[in-house]
Amino acid sequence: MNNILISESVILEITSYCNLHCPQCPRFDQNGFLDKHLTPTHLDFERFSKNFNLSQLPNLKEAMFEGDFGDCMMHPKIIDFIKFFKDLDSITLVTNGSIRSESFYRDLAKIKNLKIIFSIDGFEDTNHLYRINSDYNKIMKNVRAFIDAGGQAIWKFIVFKHNQHQIERAINEYKTLGFSELMIRHTDRSWFQGTEWDVKVDGESLGYKLELSDKSNEVKPIATNKALQEIDLNPININCSWRENKEFYVNATGDILPCCMFNGPSWQNPISSQLFKQLVGDESINIYNNSILEITNGKFYTNNLEESWKKYNTAFYPCIGNCNCS
């Protein structure tokens, strides 16, 4: 089943480097240390571009540069990646906005089919509480440079309890600031540390807590392995976003994945890593050494992935946890 070949959108995580230390980011463990299973890396542009043949993806319309573990602006060759996809209908960059210079953003604004989603969680007095190490004034200078040069900017606002009082202000001011759109998002990471957690960097508490917004509808119970094992989901019904949304995902090491949910568990712990390898089999889904056609014609995409959905004990956890409609 070659869903990738008819995909309309590709999401690219071209780097797992980032300049910030956001407490809920999967880069870090609960004590604020860089996850021991993560080795930050950049997607190799030369090796990627050699095998990522756009002619084999005739329906592709959009490239989105977004990261689970990194910020695309950290990649030294981000301009090369943008130029590689320049003929698509849309190129979207997602960034915290505190990387690169004003002149860099002014140059990006000249690319007619490019837009930037700036992840800014509040205003000067709140953004840094979650976006640790960010410089609000620098962010807004970059935003202003991009907008004033004609760029389309979108503001993504993640809501916590400490910034929820600023939602109305953001709604009233985003157009005045020059943003074309305001995206309000509530954190969905309550499963990770509960509804309240200490903020730590490299094991040291910063002396304050983060809490879920009172307005959030996304509070979820914290799942345990025991609880998951007791759920009777045989058979299960997977509504796969890869199929439904006609998109796929490329991670910073060059793996072609169905979605970003596959990215973390493939390296985060030995058990998930073993399950992932069983699912992929003895073939490679890495673009460095294989073409898109070779990858999509392999067993993982033509058989193993969808076959795994038939029983709860064979399905990969990201599929069960995120796309199970049973």
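Let's start with cysteines, where a disulfide means a pair of cysteine sulfur atoms within 2.5 Å. By that rule the count is 0 disulfides. Take cysteine 18: it is in no disulfide, and its nearest cysteine sulfur, the one of cysteine 22, sits 6.1 Å away.

Quick housekeeping before I go on. This is a predicted model, so local features need pLDDT of at least 70 and side-chain atom pairs count only at pLDDT 80 or more, while totals for chains, interfaces and linings use all residues. Residues are numbered from 1 along each chain as its sequence is written, and side-chain values use heavy atoms, with hydrogens and water left out.

I'll also be saying "buried" a lot: that's under 20% relative accessible area, with exposed over 50% and partly exposed in between, using a 1.4 Å probe and protein chains only. On that scale cysteine 18 is partly exposed at 23%. Cysteine 319, on the other hand, is buried at 6%.

Okay, on to the strands. Helices (H or I, at least four residues) and strands (E, at least two) are DSSP runs, numbered from the N terminus. Two strands pair if DSSP finds at least two bridges between them. So who does β1 pair with? There's β2, residues 62–65, in the parallel sense over 4 bridges, and there's β9, residues 247–250, also parallel and also over 4 bridges.

Now follow the chain into the loop between β1 (9–12) and α1 (45–51), and you'll find threonine 15. Threonine 15 is buried, at 1% relative accessibility. What does its side chain make a polar contact with? That's the side chain of histidine 42, at 2.8 Å. A polar contact is a pair of N or O atoms within 3.5 Å; within protein, one must be able to donate a hydrogen and the other to accept it, and residues adjacent in sequence count only if both atoms are side-chain atoms.

Last topic: salt bridges, meaning a side-chain nitrogen of Lys or Arg within 4 Å of a carboxyl oxygen of Asp or Glu. The whole structure has 9 salt bridges. One of them joins arginine 131 and aspartate 121, at 2.8 Å, N to O. Arginine 131 is in the loop between α4 (127–130) and α5 (136–148), aspartate 121 in the loop between β4 (114–119) and α4, 10 residues apart. Arginine 131 is buried at 11%, and aspartate 121 is buried at 0%.

Compare that with glutamate 211 and lysine 161, which meet in a salt bridge at 3.7 Å, N to O. Glutamate 211 lies in β8 (204–211) and lysine 161 in the loop between β5 (152–159) and α6 (167–177), so this pair ties together parts 50 residues apart in sequence. Here glutamate 211 is partly exposed at 28%, and lysine 161 is partly exposed at 35%.
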